[in-house]
Amino acid sequence: MPSKPSTTTQLSWANNRSESLYEEILQQIEEVQDQETRDVLAKLARLTQINQELQALGFINLLSKITENQTAIDDELMQISEYVEAMVRVHHEEARNLEKVL
C-alpha cells in the first residue's frame, strides 16, 4: 500500500495547482471579447485570490494562537511540577525528622 504524501507535500502541490489554475484563468479572461465581461471575470479572479490569502492569514493566526496556548500550558505545568517537587521535599524532610524522633 503506497504511503500517504506528507502534509507539506500536499500543501505544496495544492498551492502550485492553485497558482497554475489562476494563471490559466487569467489567460482565458484575456481571450474574452467583451470588455465588461473581461473586467468582471478579472475582478472575480482577484477576489478568489484575496480570499485564499485571507484563509492563509487566518490559518497563520490560528497556529499562532495554538502556539501561545501551548506555551501557557507548558508554563502552568512547570509551576505544578515545581509545587509537587516542593511538596515531596517537605515530605522527605518530615520523614527524616520523624525517624530522628523515633
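L11 counts as exposed because its relative accessibility is 54%, where exposed means over 50% relative accessible area, buried under 20% and partly exposed in between, with a 1.4 Å probe and protein chains only. L11 has its place in helix α1, residues 7-30; helices are DSSP runs of H or I with at least four residues, strands are runs of E with at least two, and both are numbered from the N terminus. Between L11 and R46, which are 35 residues apart along the chain, the C-alpha atoms are separated by 21 Å.

This is a predicted model, in which local features need pLDDT of at least 70 and side-chain atom pairs count only at pLDDT 80 or more, while totals for chains, interfaces and linings use all residues. Residues are numbered from 1 along each chain as its sequence is written, and side-chain values use heavy atoms, with hydrogens and water left out.

**Overall form**

The secondary structure of the protein consists of 2 helices and 0 strands. Its C-alpha trace spans about 100 × 40 × 10 Å along the principal axes. The protein has a radius of gyration of 30 Å, whereas a compact globule of 102 residues would have one near 13 Å; this radius is taken over C-alpha atoms, and the globule rule is 2.2 Å times the number of residues to the power 0.38. Of the 102 residues, 4% are buried.

**Salt bridges**

Side chains of opposite charge can pair when their charged atoms come close. The structure holds 3 salt bridges, each defined as a side-chain nitrogen of Lys or Arg within 4 Å of a carboxyl oxygen of Asp or Glu.

| Salt bridge | Closest N and O atoms |
|---|---|
| E53 and R46 | 3.9 Å |
| R89 and E85 | 3.5 Å |
| E93 and R96 | 3.0 Å |

In the pair of E53 and R46, E53 is partly exposed with a relative accessible area of 41%, and R46 is also partly exposed, at 38% relative accessibility. R89 and E85 are separated by about one helical turn because they are 4 residues apart in helix α2, and E85 counts as partly exposed at 45% relative accessibility. E93 and R96 are likewise separated by about one helical turn, being 3 residues apart in helix α2; E93 is partly exposed at 35% relative accessibility, and R96 is partly exposed with a relative accessible area of 45%.

**An exposed tyrosine**

Y83 is found in helix α2, residues 35-101, and Y83 counts as exposed because its relative accessible area is 55%.
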